[in-house]
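Have the viewer open and follow along.

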Amino acid sequence: MTLAPPPLSLYVHLPWCVRKCPYCDFNSHEGRGALPFEPYVDALLADLDFDLPLVWGRTVHSVFFGGGTPSLFPAAAIDRLLQGASSRLRFAPGCEITLETNPGTAEHGRFEHYRAAGVNRLSFGIQSFDDGCLQRLGRIHDSAEADAAVKLAQDAGFDNINLDLMYALPGQDLAMAEHDLERAFALKPAHVSHYQLTLEPNTVFAARPPQGLPDEDAGWDMQERCQALLRDAGYVQYEVSAYARPGRQCAHNLNYWRYGDYLGIGAGAHGKLTLGHEQSILRRWKLKHPTRYLAAAGREEAIGGDDRIEPARRPFEYMLNVLRLVEGFALADFEARTGLARSTIETPLRRAYASGWLEREGDRVRPTELGRRFTNDVMSLFLDPSDTLLPRGIPAH
Ligand SMILES: C[S@@+](CC[C@H](N)C(=O)[O-])C[C@H]1O[C@@H](n2cnc3c(N)ncnc32)[C@H](O)[C@@H]1O
Ligand code: SF4
């Protein structure tokens, strides 16, 4: 079997926030004083130059500015980065370019300039429309600011907008979770990401869990009810937490979940690249701390690590991604993207069919309703039995 390079995306990490939220374990840092926007763009372009030989001649199908809070960056800095990137790499026509936006950073005129720079999709971190919940989450904005920010963006011509919402929040009940969705629908976003709040290790919430967290059953009720509301409002679920109007799925995240390739530039950014000439899959990540990254970008020293994914680890990595998707995967794609014959996963596939977790239709394998409830169990069937290392998290921006 031959490893065939899949579509390529570009992830750009912008690591600063106004304030660190107590539930957040992303590589985000409270920005103190004037932030080094221009030196950081220089560092990103040097970082890109360093990685370019790995993707020579390939086309970029999507770009994602994630954070942190990318909307802290002035539009001129985003413009310079996009101009620099598109002069180094071929961008596909209609390339999706997303920028994560915190409603607390929306200023009049800013969205027009992002649009002029080439950004064509915005992802707003709304979390909730309930001011009490927002406060308990340590957010820097209230619900009125969230509404106003989305409307400003729409007035600036953005029609491809995602709203991030979280549920199972401290002090939240079922009616409040429903109300959050109703407020979101009123803004007519193209896409909704609906995440259950998790207490991530090494966060303030993990050390001191907030009062009033809904229990597991209440969280489950919220998920079921909200799934139904989203469906009735015309948002089709295509991944564990992602819902879109027809044709408005996030191309960038879909590429991650289909085990596509991505270059990652910026502090702590992860990349995954299929190297056709050496028939290998490389994971590369950059130094995490912004100051250290700034000092080293463009040189070998900026690389936090390189890891070549041995064939035995590929089935699990592949499943960790594609089994998040409602569409599942095609066996032909499994072969092209892992370089392994389908016979290598025959045994775990048979077990998953027998348990009623996966179903097969022609070349396509999909998780069943039951399988989607037990995603972790299904995925673990594909673990390499000799691999005693816990898998590293896969970024999902
Ligand atoms: C990197 S954040 C980007 C948005 C932007 N930084 C903001 O917060 O406004 C991506 C999204 O992940 C979700 N998220 C972050 N931490 C989470 C957690 N502990 N549990 C569930 N979802 C979380 C939030 O909905 C957040 O908007
Ligand atoms: S949730 Fe968003 S705004 Fe809050 S600290 Fe994390 S990245 Fe920053």
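## Helix pairs

Angles between axes under 35 degrees count as roughly parallel, over 145 as roughly antiparallel, 65 to 115 as roughly perpendicular and the rest as oblique. The axes are lines fitted to C-alpha atoms, for helices over the stretch in contact, with angles running from 0 to 180 degrees between N-to-C directions. Helices (H or I, at least four residues) and strands (E, at least two) are DSSP runs, numbered from the N terminus.

Take helix H11 (residues 314–322) and helix H12 (residues 331–338): their axes come within 11 Å and cross at roughly 125°, so H11 and H12 are oblique to each other. Arg314, Pro315 and Tyr318 on the H11 side meet Phe334, Arg337 and Thr338 on the H12 side, where contact asks for C-beta atoms, placed from the backbone, within 7 Å. That contact has 3 nonpolar, 1 polar and 2 charged residues. Here Ala, Val, Leu, Ile, Met, Phe, Trp, Tyr, Cys and Pro count as nonpolar, Asp, Glu, Lys and Arg as charged, and the others, Gly among them, as polar.

Now for helix H1 (residues 37–51) and helix H2 (residues 75–88), whose axes come within 10 Å and cross at roughly 15°. H1 and H2 are therefore roughly parallel to each other. H1 brings Phe37, Glu38, Val41, Leu44, Leu45 and Leu48 to the contact, and H2 brings Ala77, Arg80, Leu81, Gly84, Ala85 and Arg88. By class, you get 8 nonpolar, 1 polar and 3 charged residues there.

## Where the model comes from

This is a predicted model, so to speak of local features takes pLDDT of at least 70, side-chain atom pairs count only at pLDDT 80 or more, and totals for chains, interfaces and linings use all residues. Residues are numbered from 1 along each chain as its sequence is written, while chains are lettered from A and ligands numbered from 1 in the order in which they are written.## Ligand shells

Ligand 1 is surrounded by 16 residues, and the closest are Tyr23, Asn102, Gly125, Asp164 and Tyr195. A residue counts as near if its C-beta atom, placed from the backbone, lies within 6 Å. Strand S4 (59–67), strand S6 (121–127) and strand S7 (161–167) are the elements giving two or more residues to this shell. Its classes are 6 nonpolar, 7 polar and 3 charged.

Around ligand 2 sit Cys17, Lys20, Cys21, Cys24, Phe26, Ser28, Gly67, Gly68, Thr69, Asn102 and Gly125. They divide into 4 nonpolar, 6 polar and 1 charged.

## Domains

The chain splits into domain 1 (8–254) and domain 2 (313–380), with bounds from an automatic or database domain assignment. The contact takes 4 residues from domain 1 and 4 residues from domain 2.

Definitions and conventions:
Contact = placed C-beta atoms within 7 Å.
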